[in-house]
Amino acid sequence: MVVSRAITVVLSSATSSAAAATALQLADRLLAAGHRVMIFAHGTAVDLALDDGSIADAARALVRRGVHGATLDWVVEAGATGGRKMVDGVIVGDEADLWRFVRAADVVLAPGGGQPWRVVS
């Protein structure tokens, strides 16, 4: 029996095409396995969801899975969009969306290393 999980993927950099491709492939495989995937992109990773970007077709394919029963939420940080158009289905949001995703997740992945957010106590 497969246990469905909620996985948050935090993307902070689009500088490595290999890392970006791997993150999107992972999201695709998780969706295909029936998991809920929540993607939050900030900084240069917002470029991954650009409507006219180099990997727009891959982004559209992921969003399309949601139309066919998979559960995908993809939010990009508003401050990093620069007013550019995102792929349909990608939502412009803010850090509050990131924290909602983190709280709802069973697993949080931040490919590329580093800490994509700062916790202030």
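Before the first selection, one term is needed: two strands are said to pair if DSSP finds at least two bridges between them. Bear in mind throughout that this is a predicted model.

**The sheet.** Begin by colouring the strands, and you will find that 5 strands form an open sheet in the order β4-β3-β2-β1-β5, with parallel pairing. The edge strands are β4 and β5, each of which pairs on one side only. If you look along the sheet, the twist from one strand to the next averages 25°. In general, the strands of a sheet pair through backbone hydrogen bonds, either parallel or antiparallel.

Now select β2 and β3, which pair in the parallel sense over 6 bridges. Which residue of β3 is the bridge partner of A41? That partner is V76, and V76 in turn stands opposite V92 in β4. The pairing of β3 with β4 is also in the parallel sense, over 3 bridges. While β3 is still selected, note that 5 of its 7 residues are buried, so this strand is largely enclosed by the rest of the structure.

**R36 in β2.** Next, pick R36, which has its place in strand β2. Is R36 buried or partly exposed? With a relative accessible area of 30%, R36 is partly exposed, because buried would require a value under 20%. Leaving aside its neighbours within four places in sequence, R36 is in contact with several residues, including S4, R5, D73 and A104.

**T8 in β1.** Move on to T8, which lies in strand β1 and is buried, with a relative accessible area of 0%. A polar atom of the T8 side chain lies 2.9 Å from the backbone oxygen of F101. Once its neighbours within four places in sequence are left aside, the contacts of T8 have among them M38, F101, V102 and L109.

**Helix α3.** F101 leads you to helix α3, residues 95-104, where D97, L98, F101 and V102 are buried. Why do these four lie on the same side of α3? They cover an arc of only 140° around the axis, which puts them on the same side of the helix. The buried residues of α3 pack against β1, β2, β3, β4 and β5, and the helix lies across these strands, running at about 150° to β2. At the start of α3, look for D94, where a side-chain oxygen reaches to within 2.9 Å of the backbone nitrogen of A96.

To finish, show the nonpolar side chains, which in soluble globular proteins tend to be buried together. The largest nonpolar core has 29 residues, and those with the most contacts inside it are I39 and W74. β1, α1 (17-32), β2, α2 (56-67) and β3 each supply at least two residues of this core, and its largest share, 6 residues, comes from α1. Select W74 to see its surroundings: leaving aside its neighbours within four places in sequence, W74 is in contact with residues including L24, I39, A59, L62 and I91.

Conventions. Residues numbered from 1 in each chain as written. Predicted model: local features only at pLDDT ≥ 70, side-chain atom pairs only at ≥ 80, totals over all residues. Heavy atoms only, no water. Buried < 20%, exposed > 50% of the residue type's maximum accessible area, 1.4 Å probe, protein only. Arc of directions from axis to C-beta. Contact = heavy atoms within 4.5 Å. Polar contact = N/O pair within 3.5 Å; in protein donor to acceptor, adjacent residues only side chain to side chain. Core = buried A, V, L, I, M, F, W, Y, C linked by side-chain atoms within 4.5 Å. Axes fitted to C-alpha atoms, helices over the stretch in contact; angles between N-to-C directions.
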